[in-house]
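Hi everyone, thanks for coming. Let's take a look at this one together, starting with a loop and then moving on to a helix and the cavities.

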Amino acid sequence: MDLKNVRNFGIIAHIDAGKTTTSERILFYTGRVHKIGEVHEGEATMDWMEQEQERGITITAAATQCQWKAPTADGTVVESTLNLIDTPGHVDFTAEVERSLRVLDGGVVVFDGSQGVEPQSETVWRQADKYGVPRLAFVNKMDKTGGDFYMTLGSIHDRLSKNGVAIQLPIGAESEFKGIIDLVGKKAYTFEGKNGEIKKEIPIPEDMMNQVTEYRATLMEKVAENSNNDLMDKFLENGALTDDELRKGIRIATVANKIYPIVCGSSLQNMGVQLVLDAVVAYLPCPLDIPPVKGKNPKDVEEERKASNDAPMAAIAFKIATDPFVGRLTFIRVYSGVLKSGTAVTNSRTGKGERIGRIVRLHANHRQEIDKIEAGDIGAVIGLKDTRTGDTICDDAHPIKLESITFAEPVISLAVEPKTKADQEKMGIALQKLTEEDPTLRVRSDEETGQVILSGMGELHLDIIVDRMKREFKVETNVGKPQVAYRETVQKEVEHEEKYIKQSGGRGQYGHVVFTLTPQEPGKGYEFVDEIVSGRIPREFIKPCDQGFQEGMSRGILAGYPLVDIKVTLTDGSYHDVDSNEFAFKMCASIGLQAAARKADPVILEPVMKVEVVCPENFFGDIMGDINARRGLVLDTSDRGMAKVVSANVPLSEMFGYATDMRSMTQGRASYSM
């Protein structure tokens, strides 16, 4: 397998921009499936879970591999291997997008041509920025009423990046949308045949010549400015670049994340998807283009691993799935070396050895057995026992730990209890498997009420989890009302001294600490600073003090919610030769933190969500009034086509059941995203 011809890319976007519809077309044109599965008929190949087909949404990221013949940037036609991951759009399933982007080399961001940039488009764009993933933008739904390429282009420039640059223009729009002009090669195409599989070249319409010249000049300037010095010099010398130079320049600038090429089409009408694939092959990076992956060896020294089959093996597990037929599937991206079945590897988080059982290549939920995964490729392994999302799997002789994947904290909790005694054991197993699969799902049991509390990213997320327990694990549960994850913090700095002295027969307990409690800025978390000098507290008691402070943070002062965003500076203390021990200092720190927090002006924090409501103009007043009644703060109102858009910050506790209230207020004509 030649790494130059591999493309690992994902399809990311806002809800209902047409990600899965686009993936289905890609599978059809590359010959992976012989019938196009439609999302609205519940037939999509990539949405294989029952819940996905019923609701018409994507819940888990599905991976597949296909082949596509197309010219690369230097003009040679090659057959490329595409590893494609179709991701969900709902904010409740951001973990799926996050972990997919961590292991992908490129992305195709899909936009709804009638809506422009939507809130979740911004979120996924920022996630791609976080991992430095080069991407193309695909303006879909050009045939929809209100479909406007130039409006979408403008909104990408305003809200995402000034470096989005059109490499195609649409011929016509809405119901008049007939074809696509390729600005690089100055050619126009329409799509014919039953499923648009015949790409036919047509002359560029006369009335569009001026536009083509104007947008092509913009493209050339952007490319010359952002690629390399040779092309810049040629551009300044000749005032233009040749088609070949332009292609190479677009690739250099895209791989370096300096420009984002924008293409257009309509997946549902089968127009333009082949050109998206051509652009993926020509402009998105192959595993060799991305910088070598960095990690730390056991001595905490940074090492690099190049994408080559000869380098020592290093791979990252980015997703765990439970399959009813084969058990535990671990999705793996190999960065260097070759992962062969039957070999022994090390998990660098646990330091334990694992054995690679069977290796499979995935196509949504169908599997095909293979004997190895080469560098730069994506596959799945059956038979790993103790590997979690984000773990590094590496060669025994050359251990390394790659950067893991970070996930957002859950915002909403729900109490569940099994209906019968028999369900109790099954529920434990079901939740264990679901938490392995989904890192944003947290499970804990509440000591006071004895209930099991599930925490997740939103109402939809928890709703699907409960539904999956019922279907996949046959567990019947009673579900309580959702609860909000409140937190507490302090507002002023205090110094506090605490002594913990217990005297009973024999050895007593003695701990004494003096510390300063300081509020931190939101999101900074807990910080511990040790400023003990000249052994006032022996070294071995410093860590127990730190643990004690953290224990004291788990119960708040006002309502018992955990304390966050505080800094503890341990400044002084004393100890007793006989009576001091780790437990005494731990207790002393824990009690001291509680006492100090009482003096430090504690407050309760609540999660506030950014809400965007799109509604027809005549319901605008009702929506505004309702948001204010929910203690919301309206940030901004704007127009999007014929509709009004309201952006507001609203406390999460007021948003339960909002979808139903909003629909009944607006006759079902408004939509919102949180």
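**Loops, a helix and cavities**

Asn 270 sits in the loop between S11 and H9; helices here are DSSP runs of H or I with at least four residues, strands are E runs of at least two, and both are numbered from the N terminus. Before going on, please keep in mind that this is a predicted model, where local features need pLDDT of at least 70, side-chain atom pairs count only at pLDDT 80 or more, and totals for chains, interfaces and linings use all residues. Residues are numbered from 1 along each chain as its sequence is written, and side-chain values use heavy atoms, with hydrogens and water left out.

Back to Asn 270: its phi is positive, about 60°, although it is not a glycine. Is Asn 270 buried or exposed? Asn 270 is buried, at a relative accessible area of 10% (buried is under 20%, exposed over 50%, partly exposed in between, with a 1.4 Å probe and protein chains only).

Lys 141 also has a positive phi, near 55°.

Now to helix H8, residues 243-255. Its 13 residues reach 18 Å from first C-alpha to last, close to the 18 Å expected (1.5 Å times one less than the number of residues). Buried residues in H8 include Leu 246, Ile 250 and Ala 253. What covers the buried residues of H8? Among the elements in contact (heavy atoms within 4.5 Å) are strand S1 (6-13), helix H6 (209-226) and helix H9 (273-283). Just after H8, Asn 257 takes a positive phi of about 65°.

Finally, the cavities. On a 1 Å grid over the protein atoms alone, a cavity is a set of points where a 1.4 Å probe fits but cannot get out, and lining residues have an atom within 4 Å of a point. Points are joined across faces, edges and corners, and volume is the space filled by probe spheres set on them. There are three cavities of 30 Å³ or more.

The largest cavity holds about 70 Å³. Where does the largest cavity lie? Domain 1 (3-283) and domain 2 (293-402) both give residues to its lining, so it lies between them; the domain bounds come from an automatic or database assignment. Strands S2 (62-71), S3 (77-86), S19 (358-363) and S22 (378-382) each supply at least two lining residues.

The second largest cavity has about 50 Å³ of space, and its lining includes Pro 287, Arg 305 and Tyr 335.

Note on methods: On a 1 Å grid over the protein atoms alone, a cavity is a set of points where a 1.4 Å probe fits but cannot get out, and a pocket is an open set with protein on both sides within 12 Å along at least five of seven lines; lining residues have an atom within 4 Å of a point.
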